[in-house]
Amino acid sequence: MFEYLDEHLPLREPVEIFAVVLVLMLAAPLLGARLRLPGVVMLLLAGAVLGPNGILRAFGGLLARDASFQLLGGVGLIYIMFTAALEVDLVVFKKYRVQGAVFGILTFLIPQGIGTLMTHYVLGLPLNAAILMASMFASHTLLAYPVASRLGIGRSQAVTSTIGATMVTDVLALMVLAVIAGMAAGEVTEAFWWSLGVRFTIFVVAIMVGLPYLGRWFFRRMAKDGPGEFVFVLTSVFICAALSEAAGVEPIIGAFLAGLALNRLIPHSSTLMNRIVFTGDAIFVPFFVLAVGMLVDVTVIFGGLRTILIAVVMTGTVTLTKFLAAHAARIVFRFSSAEGQVMFGLSVPQAAATLAVVIVANRLGIFGDEAASAEVLNGTIVMILVTCILGPLVVDRWGRTVAAEEKKKAAEEEDEGGAPRILVPIVDPDRAKAPIDLALLVRGHGNVPLFPVFVAPDGENVASRVAQGEKMLAQVVSLAAGADVPCHPMTRVDDNVGAAIVRTRKERRINTILAGWDGRTSSEERVFGRVLDEALADRGQTLCVAYLPHEINTTQRVFYVVPPDVVDDPGFEEGVAFVKRLAKALGTPLVLMPQKQEEKQVLKAISDVKPSTKIESRPLETWSALVQALADRVGEHDMVVLFGQRGWDREDRGLPRRMVARFPQTNLVMVFGAEPSDAAATVVAPLADRPETRDALPVDHIVLGLEDLSGEEVLKRVYTDARKSWPNDRPPSDEALEKAKQKPRALGPDAVLIVHRDKQIAEPSIWLGVCRDGIEDADWPGKARLLFVAFVPESQDPSWHVDLVQALTRFAGDQEARDAAAEARSVDDCRAAIGPLDL
């Protein structure tokens with residue numbers, strides 16, 4: 001038997017080796033779950049037991065740490081650093097960049113300082129050797145990051161700060177190695193420092209500037225399928241890692257920078273991100289952990305008292321100093337105790353940079369002769385074993401507490417409706433990917449499924465249409481599965497496609513419809529087309545209509561076009577929440593474009609809506625200057641989002657079509673927010689539960705006989721009659737008239753509403769100007785026969801405006817009532833036709 005083992009071990013056949021590794025990858029998490037240990041720890045122990053120094057060491061081990069393990073192990077380490085940078089929330093990363101830098105300095109200086117003293121005075125190493133050994137304590141490897149990622153805390157402030165600190169401390173530790181090694185070789189001169197600094201600066205700038213530009217070009221023009229995108233990402237990462245040596249740093253630094261550079265181009269919820277993370281978690285990272293475990297040789301503990309002393313000093317020093325650094329940063333930044341423990345667990349494992357230091361030092365003889373170098377190497381292996389087990393255990397234990405805290409914060413960030421349940425109508429297989437990608441972005445990170453639906457018009461060929469639809473839905477399910485998102489496809493048969501979509505929305509409790517659009521309409525009277533306009537009429541859901549000629553992951557900025565007088569729109573909050581979720585998922589700033597005179601009001605109103613995201617403002621001088629402003633400001637990689645209003649007048653209905661015609665290569669999204677579910681009840685029984693309501697439109701607020709007047713003249717007449725509502729009988733200024741006239745809101749075919757806000761108005765009131773023949777004005781929609789003017793204090797509760805719009809919209813939808821009011825011979829008859837307006 002021993003002869004057989006000696007002949008066949010370690011395994012040499014690639015298929016046998018790979019089969020054993022796969023069994024270990026499968027069994028380690030299962031056994032770890034039973035023992036309540038992270039799978040990473042079980043893989044590490046498996047590498048130690050089955051490796052060349054394990055139970056079969058007499059035969060070379062079951063698995064040899066040969067070139068294949070070294071190759072795939074090195075790839076796994078690079079992959080860990082890359083995915084850590086790729087998964088980080090750049091908004092949070094920038095927000096906590098100071099914390100990351102400070103923690104990086106603390107987790108370098110404290111181990112470096114205390115470690116130098118301990119190794120110099122306790123172990124008796126020369127000062128250069130003591131400084132170099134202490135740099136091993138200062139560095140760390142993100143071996144426990146997969147545990148944090150699995151727990152869903154990869155984007156928390158503690159983990160984000162630690163990821164930033166990893167780059168700082170590893171660069172500083174490797175700089176110490178370069179300097180000590182250079183001193184040993186007599187190469188540390190002024191030219192050495194200049195060369196190192198210049199090369200590293202050029203390297204960082206080339207990656208952080210050049211790679212995002214190359215990535216946008218590729219994703220926008222060259223990417224046609226998933227495998228091509230995946231190969232491009234891997235190629236970029238490993239080229240950056242390979243070029244690191246020329247810059248004087250380790251490959252892990254290049255991989256980390258590549259992850260930061262590609263972060264915004266690979267959305268967290270995308271199919272591509274899922275492929276990247278899956279490949280690392282399933283193949284590369286386990287190989288790295290096994291390769292580290294194979295280094296462990298427990299027999300070195302019995303190599304002598306000197307070896308035991310070195311192992312104890314190294315392990316104890318790194319554990320103590322990393323703990324002190326993590327909790328010092330926690331106290332400074334007021335993180336929770338659990339977050340401090342997670343930072344400690346992430347920063348204590350030693351592997352990559354530690355091995356680089358000890359190998360170079362032994363080659364140069366910095367730790368002494370061959371025997372002394374062997375003792376340090378053995379002590380290093382013990383330190384690696386202990387810290388690589390301790391780190392994942394600590395992160396797994398305290399990360400659960402942090403995960404619970406993060407879930408609570410996320411729940412507070414979400415709007416009251418929670419995560420969106422998104423319905424995606426599928427019409428054309430060639431245009432299905434873009435809206436699905438958008439839906440994956442805004443759906444959040446929970447287990448809420450997507451609901452793609454295909455509606456086949458009823459008729460003779462309905463069976464073939466249904467079969468075609470099922471094929472399209474299968475493609476959509478495949479896209480969603482690639483992002484690990486549950487999907488509930490549905491097929492419907494109906495004569496009215498739009499009505500079927502609305503019914504499906506109600507049946508499945510959908511709160512968001514997200515549809516693709518080709519930029520064309522069936523009629524100038526329609527906003528998008530017959531089907532989408534039916535969905536638009538369903539006010540109980542947020543409607544997102546997307547014209548997406550390019551990949552959305554190349555987006556650099558989201559321009560949010562906010563028309564005048566929309567802050568009190570019933571769908572304002574839901575629409576804004578959707579857009580902020582979109583900008584946050586893309587990792588881009590939200591650039592507001594309101595009218596200049598409304599900038600402060602709009603900025604405050606949007607800032608108050610959750611979730612929080614970075615907001616900038618670039619106001620318009622006038623609403624009519626919108627198209628030119630977009631032409632001047634919007635770049636090739638920007639997205640334009642338009643705040644949609646369901647009460648758009650005839651002119652505004654054509655705005656999406658005109659914007660597509662003017663900017664055919666720009667991603668354009670129109671968002672119509674869901675209106676409150678109790679809005680209809682408010683119309684039927686206005687303010688029934690509220691005390692002290694009053695008639696907002698008394699008969700003496702109605703002005704008849706305005707025929708043959710222009711819109712401006714009608715406004716002047718109404719303003720003049722309403723002057724008693726103003727302090728000191730102040731007449732309307734020309735500026736006030738121009739502002740009010742600029743953006744009337746269409747209530748129906750021949751009724752409009754103008755809202756005038758002023759801080760000097762004491763109480764809100766409604767006035768009505770009636771022109772039987774219709775008011776001729778180029779700036780107004782159609783020929784308005786009924787002009788409602790609302791005088792509102794700036795401090796007025798927005799719900800008053802919502803109630804008013806709902807009531808007037810209901811009235812304007814009744815043609816008989818509208819005709820009766822417009823043709824009334826007396827103010828009493830006119831008032832009776834309008835009905836109650838108790839606000």
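Tutor: Let us begin with a term. Helices here are DSSP runs of H or I with at least four residues, numbered from the N terminus. Please keep in mind that this is a predicted model.

Student: Which helices each supply at least two residues of the nonpolar patch?

Tutor: They are helix 6, spanning 97-122, and helix 14, spanning 305-333. The patch covers about 790 Å² of surface and is made by I114, L117, M118, Y121, V122, L309, L320, F323 and L324.

Student: Which helix gives the most to the patch?

Tutor: Helix 6 does, with five residues. L117, one of the patch residues, has its place in helix 6.

Student: Is I308 buried, partly exposed or exposed?

Tutor: The cut-offs are under 20% relative accessible area for buried and over 50% for exposed, with partly exposed in between. I308 has a relative accessible area of 35%, and therefore counts as partly exposed. I308 is found in helix 14. I308 and N378 are 70 residues apart in sequence, and their C-alpha atoms are 9.0 Å apart in space.

Student: Why are helix 4 and helix 12 called roughly parallel?

Tutor: Angles under 35 degrees count as roughly parallel. Helix 4 and helix 12 cross at roughly 30 degrees, and they are therefore roughly parallel to each other. The crossing in which helix 4 passes helix 12 is right-handed.

Terms used:
Residues numbered from 1 in each chain as written. Predicted model: local features only at pLDDT ≥ 70, side-chain atom pairs only at ≥ 80, totals over all residues. Heavy atoms only, no water. Patch = residues over 30% accessible without salt bridge, like charges linked within 9 Å, V, L, I, M, F, W, Y side chains within 5 Å. Areas by Shrake-Rupley, 256 points an atom, 1.4 Å probe, with all protein chains shown as cover. Salt bridge = Lys/Arg side-chain N within 4 Å of Asp/Glu carboxyl O. Buried < 20%, exposed > 50% of the residue type's maximum accessible area, 1.4 Å probe, protein only. Axes fitted to C-alpha atoms, helices over the stretch in contact; angles between N-to-C directions. Parallel < 35°, antiparallel > 145°, perpendicular 65-115°, else oblique. Left-handed = near helix turned anticlockwise from the far one by under 90°.
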